[in-house]
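Please read the points below with the sequence and the coordinates open beside them.

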Amino acid sequence: MSQPQRPLLMRANRLMGAALVERNLVKIEELEQANERLLQIVDASPPRQCTVLGVLAYEMKALKEEDVVQYLVEQEGLGVIDLRGYEVGKESLKGLDLAACWATWSVPFDKVDGFHFIASAYWLSPAVRTFWEKQLDGPILWFATTLEGIADFIEKRESAAPKPVAP
């Protein structure tokens with residue numbers, strides 16, 4: 001993880017974990033174990049692995065990611081989006097900070113009539129919502145999605161980005 005985004009990543013993960021515990025989606029003991037694992041991962045692994053939700057769901061099997069998405073839809077009123085089937089507007093991609101997307105597990109994917117559309121696997125983290133509210137001018141419509149959906153979206157953008165030319 002890039003050093004400038006590390007504090008954002010850590011705060012987003014810490015508050016995501018707390019939100020999962022508050023909503024009885026995981027136990028505090030499971031979160032403590034996942035946080036220890038996350039600290040091991042952050043400095044040694046690619047951004048795709050730097051997620052407390054991923055550790056809880058896929059390494060520890062303490063919850064199912066689908067249950068989190070279902071919670072967001074049923075209890076928080078978010079819509080759901082699969083970014084693989086969405087044609088992303090070019091305006092949304094201009095100047096997109098992919099490191100911030102990794103740190104927040106969220107991506108702005110469109111802007112219509114002044115409304116920004118953001119897909120997020122980390123909507124439960126207040127740090128994530130606050131970060132994007134400060135970054136974008138105008139109201140935000142939030143959509144739930146999976147970690148895989150976010151990771152695939154970002155990796156696709158990274159591979160399409162122009163590579164620096166060596167002198």
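Predicted model: local features only at pLDDT ≥ 70, side-chain atom pairs only at ≥ 80, totals over all residues.

1. For what follows, rings of Phe, Tyr and Trp (its six-membered ring) are taken to pair if their centres lie within 6.5 Å, with planes under 30 degrees apart called stacked, over 60 edge-to-face and the rest tilted. On that basis, ring pairs join F109, F117 and F143 into a cluster.

2. Across the whole structure, five aromatic pairs are found. In the pair of F117 and F143, the ring centres are 5.6 Å apart and the planes stand at 40°, so this pair is classed as tilted. The pair links distant parts of the chain, since F117 belongs to strand β3 (residues 115-120) and F143 to strand β4 (residues 140-144), 26 residues apart. Both F117 and F143 are buried.

3. F131 and W132 make an aromatic pair that is edge-to-face, with 5.0 Å from centre to centre and 85° between the planes. Both of these residues, F131 and W132, are buried.

4. Two arginines are placed over aromatic faces. R129 lies over the face of W123, at 4.5 Å from the ring centre, and R157 lies over the face of F153, at 4.1 Å from the ring centre.

5. The largest nonpolar core holds 57 residues, of which L20, Y122, L124 and W132 touch the most other members. Helix α1 (residues 6-22) provides the largest share of this core, namely seven residues. As background, nonpolar side chains in soluble globular proteins tend to be buried together.

6. The structure holds eight salt bridges. One of them joins R23 to E22, with the closest N and O atoms 3.9 Å apart. R23 is partly exposed, with a relative accessible area of 25%, whereas E22 counts as exposed at 61% relative accessibility.

7. R37 and E59 form another salt bridge, in which the closest N and O atoms are 2.9 Å apart. Because R37 lies in helix α2 (residues 28-42) and E59 in helix α3 (residues 52-59), the pair ties together parts that are 22 residues apart in sequence.

8. Elsewhere, salt bridges that share partners join E22, R23 and E76 into one network.

9. Is E65, an acidic residue, buried or exposed? E65 is buried, with a relative accessible area of 4%, and its place is in helix α4 (residues 65-76). Not counting residues up to four places away in sequence, E65 touches L53, A57, Y58, T145, T146 and L147. The C-alpha atoms of E65 and G54, which are 11 residues apart along the chain, are separated by 8.1 Å.

10. Helix α3 is mostly covered, in that six of its eight residues are buried; these are V52, L53, G54, V55, L56 and A57. The buried residues of α3 pack against α1, α2, α4 and α8.

11. For helix α8 (residues 147-160), the length can be checked against expectation: at 1.5 Å a residue its 14 residues should span 20 Å, and the end C-alpha atoms are 20 Å apart, which agrees. The buried residues of α8 are L147, G149, I150, A151, F153, I154 and R157. Of these, R157 is the residue that lies over the face of F153.

Note on methods
Residues numbered from 1 in each chain as written. Heavy atoms only, no water. Core = buried A, V, L, I, M, F, W, Y, C linked by side-chain atoms within 4.5 Å. Buried < 20%, exposed > 50% of the residue type's maximum accessible area, 1.4 Å probe, protein only. Helix = DSSP H or I, 4+ residues; strand = E, 2+ residues; numbered from the N terminus. Lys NZ or Arg CZ within 6 Å of the ring centre and 35° of its normal. Expected span 1.5 Å × (residues − 1). Salt bridge = Lys/Arg side-chain N within 4 Å of Asp/Glu carboxyl O. Contact = heavy atoms within 4.5 Å.
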